[in-house]
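Subject: Structure handover

Hi,

Here is the structure I promised to pass on. Have a look at it first, and my notes follow below.

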Amino acid sequence: IPVIVKALHKQLKEKSLKSRQGCFCLLTELAHTVPGSLEEHIPALLPGIVFCLTDKSTSSTMRIDALSFFHVLLISHPPQAFQPHMQMLLPAVLTCIDDTFYKITSEALLVTQQLVKVMRPQGQTATSGGFDPKPFIKEVFSVTMKRLKATDIDQEVKESAISCMGHMVCHLGDHLGTELPGVLVIFLDRLKNEITRLTAVKTLTLISASPLKIDLTSILPEALSVLGSFLRKNQRALKLSTLACLTVLVTHHAASIKPAALEPVLSEIPPLVDESDMHVSQVSITLLTCMAKACPSSLAKISSSVLPGVFKLIHSPLLQGGALLAILDFLQALVTSKATNLGYSQLLKSLMEPFQSCKTSADVLHRQSYHSVARCVAALSSASPKETPGTVTNLIQQVKTSSSPESARVLALLCLGEVGRNGSLGGSKEVQGVILEAFSSTYEEIKTAASCALGGMAVGSLNEFLPFILKEISAQPRRQYLLLHSLKEVISACPASSLSPHVESIWALLFQHCESQEEGTRNLVAECLGKLTLVNPAQLLPRLKQQLKAGSPLARSTVVTAVKFTIVDHPAPIDSLLKDSIGEFLKTLQDSDINVRRVALVMFNSAAHNKPSLVQGLLGTVLPHLYKETQIRKDLIREVEMGPFKHTVDDGLDVRKAAFECMYTLLDSCLEGLDVLQFLDHVEEGLKDHYDIRMLTFLMLARLVSLCPAAVLQRLDRLVEPLKATCTTKVKAGSVKQEFEKQEELRRSAMRAVAALLAVPEVERSPSMAEFANQIRSNADMASIYQSVQGGEGGGMGPTEGMDTS
């Protein structure tokens, strides 16, 4: 970088416009790509920028390039780097604001906006920074104000002037004195103007949040009324910006807001709380939460109109993530602030009532709504600790009452789990008995809910419930699967510091059950082992590796599956340890047991997808074993008699599927490590395999056409035949409906691959491909399928010229 900058900064004073332009392009990219990299070179670069802005021979395009680079430089570097040079920089930039070309004016205002931040960075007091902005404020203000007042200018300049002055008020408002009220009146005027209102809303948001606590009382009532009207506009960006602005205003200026001033806003909020737009709902509820905390009396009038929408949202299957968290905060704010006449018990009743009148869980709401309501109940309980014991007693009674609807009992169990997660159950021994009784229910939903509940309780009271879970796993083989689900929740949700004292007892128990005959149980044990290994990777990963020597194939498959759950899609402390040891685990691709090889392929696929760096260096070792598993083996195909019929069973199908799934993943994550021609040999075999594998290889082929078309063209004649066979095969008359549907989907998927091939220039130079293309054109059925996939996956690539569309 120093060498590049040294060469470039000389070029900035050259007379050649192209030379200077090229310098700015390169420097802009450098500042974008490596923020902060030019800091030590700023003193050398600034004279070149000033020269380009002030030299009369400089073209408009050059000035714009110089300003654009300066803007990026200011954004990507700390303000102290520019403060010593303000005397030189400001006059050059302010001169550009007065330029007759709107683009230069707009860019100069954006640069000035950043220079305002340099004059006093956010949060810096008048004396703390060691830099005095006073000498520069008057000139910057007057030049910006001239543009802010003007109405007969380009919209881009209007918006830049509003934003620039907004930053002045935000950072230097305490220096503006008697000028400030006039500026605020102009902002209010711009807020009312349809062309500038969005920029004005964002600027008002910035000013409202200023640590200078700008006095907005002169415009606040009218601004709130105008902002309220924006909430009914059919512009999503304006709605979201307005809601954000209102939230900041209520948070920072509640003392200046009278309840009556909020009425125009509150009346517009109920229609916004709707599942049709979860993000707008989330931001609307966040605003209501701020009102409940800062202006509780304002909510009293609209509880009847807002709360039904909130409860409807809670019961929606779409509720999750940020919107759910916003609702939890809102409910807690309602209870603690006494914002409405609805207290704890009324809110609880509204949440749970829909589940009380249904005979089966299928009659009521989506499964997601159970979990949402349970979290809401726990949030209310957390905000009202005095009410919690009574709530827990009622929930236990609800579970124990066999005459209660299944939906109500399921919800009560989930609520106990969420309340318990907060550590609010106390030492109730009755809860353990209720959970065990629920495990014996004839309803699967109740058993599953009991499992979730026990896991949540253990997260909140580890020392009380974890020993109970471990004891029951050993003592109750029939409940083992449900109890392992509870244990998985504990391991997943508890911090490592809390789990550490229990690691040895959990580890020993899991290995007692790693050879279970039930694959579902083994998979749960493996997931628990993998997530437990993340608690202390340095100690536990080597112990996991030692278990590869176990004599039982079931134990080995459990260990390999456990490794899959240690590979997470974000940086983790285990990564460096995994990189050193994953080769040992991948040796199980050569295991004598086919199931061990299958789970090894699944683990390799997970690594290639989530952390390609773990396996890129091992491809040379892994690929031969991977490709070997793609071959159809006759010794694994057998016939089974089913009454009067014989049914063909392919014991190798699952392992082949896993191998092809790995191949598909490698195309995206490790393409540079593949011999594409060798890879295509196995894709060709997949095109003739089972339905599921063919569907996957058709997708692979379309992907390969886009990634490396030259290699595909070399294999084209061999690839066309299986594609043609699929596209021309018809189901026997008298076959069941599902057979017709499967064959039709196969043909469509194959035709997508064909469309991708036909998009390659000069592909029809291949005689076999040209013949097949002509066959498609002349066959009405195939031509129809071809046309229908043009807009679908892999479609839209092939030419339609010459196709018979009749």
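This is a predicted model: local features need pLDDT of at least 70, side-chain atom pairs count only at pLDDT 80 or more; totals for chains, interfaces and linings use all residues.

Staying with H5, its buried residues are Met 86, Leu 89, Leu 90, Ala 92, Val 93, Leu 94, Cys 96 and Ile 97. Among the elements covering them are helix H3 (42–54), helix H4 (60–76), helix H6 (102–119) and helix H7 (134–149).

Next, the core. The largest nonpolar core runs to 277 residues, and Phe 70, Leu 191, Met 291, Ile 314 and Leu 487 have the most contacts inside it. Helix H16 (residues 321–337) is the biggest contributor to this core, giving 10 residues.

On to the rings. There are 6 aromatic pairs in the structure. Phe 131 and Phe 136 form one of them: with ring centres 5.9 Å apart and planes at 10°, the pair is stacked, because planes under 30 degrees apart count as such. Both of these Phe residues are buried. Phe 355 and Tyr 370 make an edge-to-face pair, since their planes stand at 65° and the cut-off is over 60, with the centres 4.9 Å apart. This second pair links distant parts of the chain, 15 residues apart: Phe 355 sits in the loop between helix H17 (344–352) and helix H18 (367–383), while Tyr 370 belongs to helix H18. Phe 355 is buried at a relative accessible area of 0%, and Tyr 370 also counts as buried, at 5%.

Last, the region towards higher numbers. An unreviewed UniProt entry lists residues 614–776 as "domain: TATA-binding protein interacting (TIP20)". Over that stretch the chain is 65% helix and 7% strand, with 44 Å between the end C-alpha atoms.

Is Gln 743 buried or exposed? This residue, found in helix H38 (residues 737–758), has a relative accessible area of 13%, so it is buried. Its side chain reaches the backbone oxygen of Thr 729 at 3.4 Å. Leaving out neighbours within four places in sequence, Gln 743 is in contact with Thr 726, Thr 729 and Val 731.

Cheers

Key: Residues are numbered from 1 along each chain as its sequence is written. Side-chain values use heavy atoms; hydrogens and water are left out. A nonpolar core is a set of buried Ala, Val, Leu, Ile, Met, Phe, Trp, Tyr and Cys residues joined through side-chain atoms within 4.5 Å. Buried means under 20% relative accessible area, exposed over 50%, partly exposed in between (1.4 Å probe, protein chains only). Helices (H or I, at least four residues) and strands (E, at least two) are DSSP runs, numbered from the N terminus. Contact means heavy atoms within 4.5 Å. UniProt positions are given in the numbering used here, feature names are shortened, and annotations may be inferred rather than shown by experiment. A polar contact is a pair of N or O atoms within 3.5 Å; within protein, one must be able to donate a hydrogen and the other to accept it, and residues adjacent in sequence count only if both atoms are side-chain atoms. Rings of Phe, Tyr and Trp (its six-membered ring) pair if their centres lie within 6.5 Å; planes under 30 degrees apart count as stacked, over 60 as edge-to-face and the rest as tilted.
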